[in-house]
Amino acid sequence: MSSLSKPWLHIRLPVLESFRSYLNAPVLPREKKYLASLPVLIAGALSFQLLSGLVLSLFYNPADAFNSIQFIDRSVNYGWLIHAFHETGATMMFGAVYLGLLRSLWLRNYKAPGELVWFLSLAKFLLLLLIGYLGYVLADGAVSFWSLANAIAGAFSLSGVPGGIGVWFFGGPDGAGTLPRLAVFHAVLAVAILGILLLHQAARRGMEPTVARGVGLHPYYTSQIFVAFVVYALIFAVLVFFAPHFGENPLNRGPANPLVLPVTVTAPWYLLPLSNAGHVFAGVWGSLFAVVARIALLAALPWLDRSAPGNPPGFLHKFLVFVLALDVILICIWAVQAPSFIGGILLAFFTAYFFFHFLVLLPLTTLLEAR
Amino acid sequence: MRRLIFAAFALACLAAPRAMAEDTLNPPHWQSEGIFGTYDKAALQRGFLVYQTVCAACHSANALHYRDLDGIGFSTEQIAALAAGVKLPTGPATLDDTFKNPYPDPQAAAAAFSGAVPPDLSTIAAARPKGTLYIFDLLTSYAAAPADLSLLPGHYYNTAFPGQQIAMPPPLKDGQVTYADGVNASATQEASDVAAFLTWAATPNLDSAKEIGLRAVLFLVFLAFIAIATKRKIWRETV
Amino acid sequence: MAETIGEIVQETEVLVRRDFLKILNVAAGAVAVGAIAWPFIDALNPTRDALAIAQPIVDVSAVAANTALRFVWMGTPIYIRKLTPKQIADNQFVVTSTLPDPASYSDRVNPGYESFVVVIGLNTGTPCELLGNDPADPRGPFDGWTCPCDGSIYDPLGRLRSGPASKNLAIPKFTFLNDAQIQFG
């Protein structure tokens, strides 16, 4: 597509030139794997969530949340489909996010000079979790009503700065004003996260090694990303049309009842790895610690990993990451079971292993491999 | 494996609609189960009749409007006539009214049932794990209480209900309704039909979802092949 | 000349073969985008609730003969009048050529529901709301409706009999669902 004179639009919008050179500059190496398309897929999934959320917000009424969602499902043309898009889109997006996190751990992408990319990933991860939790409570189902009530009660029982932040966020005890406020947060944060995505992408591009005889983003990696996208869309289609409530507690599809407490008040599946499953840590401070400690460990990874820079990960490191992933999955599975003696012991063991991996296993094995 | 048998059964039942009514009870299954299952409109209409006659006396279904009944196979005139027979506080019901709520407000319901308010049935089949089977089991599992169990006052013994003590009296009896299509209205048949109806009430768009989904998945498989072929072709040209 | 044409054809063939897959890719992608976009667009069309307001159902079983029910449909007054047998007899066989706006009895009522007349209650001359729903209202010499603004006179079927107006009363779009209910729209 080369012409001696610049196209009409490029003369009037010069930024298109730099965008086109970004797309076509032949500087990328040839061996990038399919999983490298994950951040782009996540960005696409987020855009899809924004679109479906926008349409839903036209009909959602936070003052009568459950009934407005029933209205969407039954009376809005294709409302049931847009609702399913939004719900399943969240599950798929978090699946991609966790896969991306796992990949970063596997390949040691957090090592210098990739720390900023890693921190931006974590910031994105946290914000997405918060947005997802807000979406969960906005549904005002039988379980999410109680999850919100517990969260607010917990926020009000904390003291000091964490308590202050919690109270500031919820703005008061669980009442008529809570859902409208959280609905606005849900939408605004979702748009704000686009900015973090852009920053993240810019930082990642900075990490790409430029190659003398490389290939351009377009059409080589756009075609690869398109394949990844079609596979993602295929899995998404199977879930949306045949299992739209995959991973959801079915009780949450009934209306909120302030007089009836469910046997287990579960969080959506993507919050389970960070949850205080099995109440391993005691009390509200314990639940806060469970979240903060895990994020702190992830953030400290560039320094917990003692391997030499540029050292490719060996078999031992990859094996340990695999075991860590299994550990997290097992925490999620046991977190939703009804409380039991053996369950409590298992959860304590799995949680302890999580901390053991980051604080002991990782530094030791990477030091060993560095030799 | 069981799901495969159910799906095959559902497919077979699509081909033999007349024989359906007798075969769905042993073991209990429904035409809407499985990837290719669609709602059996005849069963839904029978279930609606049971719902109107028996359940609507105590249970609300606030998310359902009478106009939604065209999804069961009723014509607009039939629904209008049906709704006109329902007496609301504001006069006879129209198509756009929600299903009649037997009690004007939750306090009246709580007073009438000593606190055990009958749950709204709009989403009950979706709000319980394996909801269709749960409803069927609940309606057919009333039994005499074992000798060592003392029932709470106003409660009945039901093996399918969590806790085994339910405040709802056994609602279904043989021959309580007369089905227009001549199917024998045994209590088990009524339970199966009302479970089918409540499943439809919770997820009325299930048939559309499966139909669109099949087309979408087939198209995406086709698109995947093309995308992979294009990517390989482009990459072959790099050398 | 022939060689250049042959060359052009060959080049086009090569181009189409090489790019056929890419074109197919893009086309299939566009189909997918369109298919996904449609539910989003359709979701903004009127919901079943809104359509219900747009297509209301009115109960006419309580309308007594010689009276009319007035209700407002999206801002327009609609009159549903029940005719007495005398009014039907007087108007059924009027020679249509004598009317300012010729219309026969069967043009004005639905088959099977001949005693009901459904009209938009606005004068077709100067747009004023008509009088004549209540038997005590001034109905004019034909026992129909009159316009208080310009004096136009209508018969019970809503046909113009005299006056500055030139057309019969408009009939809205409606269907009888059964003997008791009319759905508009």
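**Entry 1**

I looked up strand S6 (residues 153–154) of chain C, which is joined to S7(C) by two bridges and runs antiparallel to S7(C). Strands here are DSSP runs of E with at least two residues, helices are runs of H or I with at least four residues, and both are numbered from the N terminus. Two strands count as paired if DSSP finds at least two bridges between them. I noted that C:Tyr154 has C:Leu160 in S7(C) as its bridge partner.

This is a predicted model, in which local features need pLDDT of at least 70 and side-chain atom pairs count only at pLDDT 80 or more, while totals for chains, interfaces and linings use all residues. Residues are numbered from 1 along each chain as its sequence is written, and chains are lettered from A and ligands numbered from 1 in the order in which they are written.

I then viewed the sheet as a whole: three strands of chain C form an open, antiparallel sheet in the order S5-S6-S7. Strand S5 (145–146) and strand S7 (160–162) of chain C each have a single partner strand, so one side of each lacks a neighbour in the sheet.

**Entry 2: the S1-S9-S8 sheet of chain C**

I found another open sheet of three strands in chain C, with the order S1-S9-S8 and antiparallel pairing. Its edges are strand S1 (57–59) and strand S8 (174–176) of chain C, each with a single partner strand, so one side of each has no neighbour in the sheet. I recorded that neighbouring strands of this sheet are turned by 25° against each other on average, direction ignored; axes are lines fitted to C-alpha atoms, for helices over the stretch in contact, and angles run from 0 to 180 degrees between N-to-C directions.

I checked that S8(C) pairs with strand S9 (residues 181–184) of chain C over three bridges, in the antiparallel sense. C:Phe176 stands opposite C:Ile182 in S9(C).

**Entry 3: the contact of chains A and C**

I looked up this contact, to which chain A gives nine residues and chain C eight residues. Residues are in contact if their C-beta atoms, placed from the backbone, lie within 7 Å. On the side of chain A that touches chain C, helix H3 (38–57) and H5 of chain A give two or more residues. The largest share of that side, three residues, comes from H5(A).

**Entry 4: the domains of chain A**

I noted domain 1 (33–263) and domain 2 (275–371) in the domain assignment of chain A; such bounds come from an automatic or database assignment. Their centres, taken over C-alpha atoms, are separated by 23 Å.

Definitions and conventions: Contact = placed C-beta atoms within 7 Å.
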